[in-house]
Amino acid sequence: MASVTSLTDLVNRQLTSALSATQPEADPLLRRSDRADFQANGILALAKKAKANPRELAAEVVSRITTGDLIKDVEVSGPGFLNITVADRAITENLAARLADGERLGVPLNEDAGVTVVDYAQPNVAKEMHVGHLRSAVIGDALRAMLDFTGERTIGRHHIGDWGTQFGMLIQYLFEHPGELAPAADVDGEQAMSNLNRVYKASRALFDADEEFKERARKRVVALQSGDRETLELWQQFVDESKVYFYSVFEKLDMEIRDEEIVGESAYNEGMPETARLLEEMGVAERSEGALVVFFDDIRGKDDQRVPLIVQKADGGFGYAASDLTAIRDRVLNLHATTLLYVVDVRQSLHFRMVFETARRAGWLNDDVTAHNMGYGTVLGADGKPFKTREGETVRLEDLLDEAVQRAAEVVREKARDLTEDEIGERAAQVGIGAVKYADLSTSPNRDYKFDLDQMVSLNGDTSVYLQYAYARIQSILRKAGEVRPAAHPELDLHEAERALGLHLDAFGDTVFEAAAEYAPHKLAAYLYQLASLYTSFYDKCPVLKADSTEQVENRLFLCDLTARTLHRGMALLGIRTPERL
Ligand code: ARG
């Protein structure tokens, strides 16, 4: 494996050294430009600082740049920008090195990366998953893949809601009505959820109507928390049944979830008293009306009253905050995390602000170990209102995914001439699920987005289907080329459209690094969409198989090939498949 330094980096280095006579380490502020290949805007600020004329300074910098193998041309433009053109040969050689590198496409690995624990895909036991859980799963999975690709080591944590007072009611009901839940081994995802729903409804009805049952349910909570064996066994049945359901949904989502990474709230049960004791001893938490709480000067509610984070309730019970604080200790001390990333609905951002601040005061988080909540926005219906069924109920995630696949099947069927029904089914799943993921990932995570299936599976516009088609089209060209194989010919002059495509291909690694560092999968999505668009205009303007010479055909096939591999890799980082034919 040999990593490739991007052209941007190479040009940057030359400019930085040309600038260093004026100011060492100055940033040339290089970016891609329409006028030339790159534009450097850094001289303006530099001139201001040195009280120099920017155009004169720019001219001076230009005189220090040697044009040749890398930079073909550099000129001053406007108030003191530099327009830079790179040599065709440099572009082709750089891309050839990327193709030769295989899987990683020349993208370097960060050698001193850290360990990020990603908290994502965290549904709740005995409850249906909804679109909010979809976002966490999709965004978390993509961020993880992107971080891994840069060299970061990621560990997943699915902090499922598998603990708390609501289990008293459920367990007590099951205790009094044994056999209501079929053994987890005997059911599929759908049956599991329908069993859980039935038990939930029945126990809820009893709980609301029968005071004595309510009392027995309350006692059951105490038994659960104190680790009573029989109670734990019944609790485990709920967890197991729910996992069957979770796995079926994640499988539909084409997402790999590992059992050892499902570490829910219950896992931190034993550590919670110690968390409370430590916080109290350190003076981070204080007693208030019997409860153990943490106050923050800048977090206030009604009447300017401080809003506390409750570590332990007055009745001695522990809740959501205590499990999260205990999880932080575990992730820092035992998993040796350097970064904690939470992919959780933005509506929980206050909770995390308080939890993180508490952990900082306790010293569990510090300059070397930081925590971030990648709070995502709400999923809206096509009408722009929070996503609900016509009857006003929350939409079942499975139904939504099934519908997406169904719509995709229509699109695939329309386009496909020579596909069998089985093949259509397989493609439809890849297109439909890809469409759902891409629509989610192509919007900045903190923004709300519209769940609009018509738009999602459209062939035109910024959709995954458009990208998948671009990929499949390239594969078809490569197949048609038959004996002629892709090969780089650095001696050839490049067409404008080839240069634009080539320079964009070269920016793949830089884009992934930036998107991963900023937890911004939408930047990768935007990159891929632009890649497909640049490919389309290349394809319109530059005949591939009918090019003038064999060298030209080979070189263009080579551009096609690298484009396909880059699309494939980029889409895979987003969790989206690229079928070979569509
Ligand atoms: N189970 C929670 C929910 O459905 C999300 C858990 C988020 N993670 C965490 N560490 N609190 O809202």
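Let me begin with residues 123-133, which UniProt lists, in an unreviewed entry, as the short sequence motif "'HIGH' region"; UniProt positions are given in the numbering used here, feature names are shortened, and annotations may be inferred rather than shown by experiment. What we are looking at is a predicted model, in which local features need pLDDT of at least 70 and side-chain atom pairs count only at pLDDT 80 or more, while totals for chains, interfaces and linings use all residues. Residues are numbered from 1 along each chain as its sequence is written.

In the model, the span 123-133 is 27% helix and 0% strand, with its end C-alpha atoms 6 Å apart; helices (H or I, at least four residues) and strands (E, at least two) are DSSP runs, numbered from the N terminus.

Turning to the ligand, the residues around it are Asp119, Gln122, Asn124, His159, Gly161, Asp324, Tyr342 and Val344, where a residue counts as near if its C-beta atom, placed from the backbone, lies within 6 Å of the molecule. By class, this shell has two nonpolar, four polar and two charged residues, with Ala, Val, Leu, Ile, Met, Phe, Trp, Tyr, Cys and Pro taken as nonpolar, Asp, Glu, Lys and Arg as charged, and the others, Gly among them, as polar.

Next, helix packing. Two packed helices are described by the angle between their axes and the distance between the axes. Here the axes are lines fitted to C-alpha atoms, for helices over the stretch in contact, and angles run from 0 to 180 degrees between N-to-C directions.

How are H6 and H7 oriented to each other? The axes of H6 (residues 166-176) and H7 (residues 189-209) come within 9 Å and cross at roughly 100 degrees, so the two helices are roughly perpendicular, a label that covers 65 to 115 degrees, with under 35 counting as roughly parallel, over 145 as roughly antiparallel and the rest as oblique. On the H6 side this contact is made by Met169, Leu170, Tyr173 and Leu174, and on the H7 side the residues include Val199, Tyr200 and Phe207, two residues being in contact if their C-beta atoms, placed from the backbone, lie within 7 Å. The contact of H6 with H7 has nine nonpolar, one polar and no charged residues.

H6 also packs with H9 (residues 229-252), at an angle of about 100 degrees and with the axes 10 Å apart, and H6 and H9 are therefore roughly perpendicular as well. Among the residues making that contact are Phe167 and Leu170 of H6 and Trp235 and Phe238 of H9, and the contact divides into eight nonpolar, two polar and no charged residues.

Finally, UniProt lists residues 467-582, again in an unreviewed entry, as the domain "DALR anticodon binding", and over that span the chain is 69% helix and 0% strand. The axes of H17 (residues 496-506) and H19 (residues 521-541) come within 9 Å and cross at roughly 155 degrees, so H17 and H19 are roughly antiparallel.
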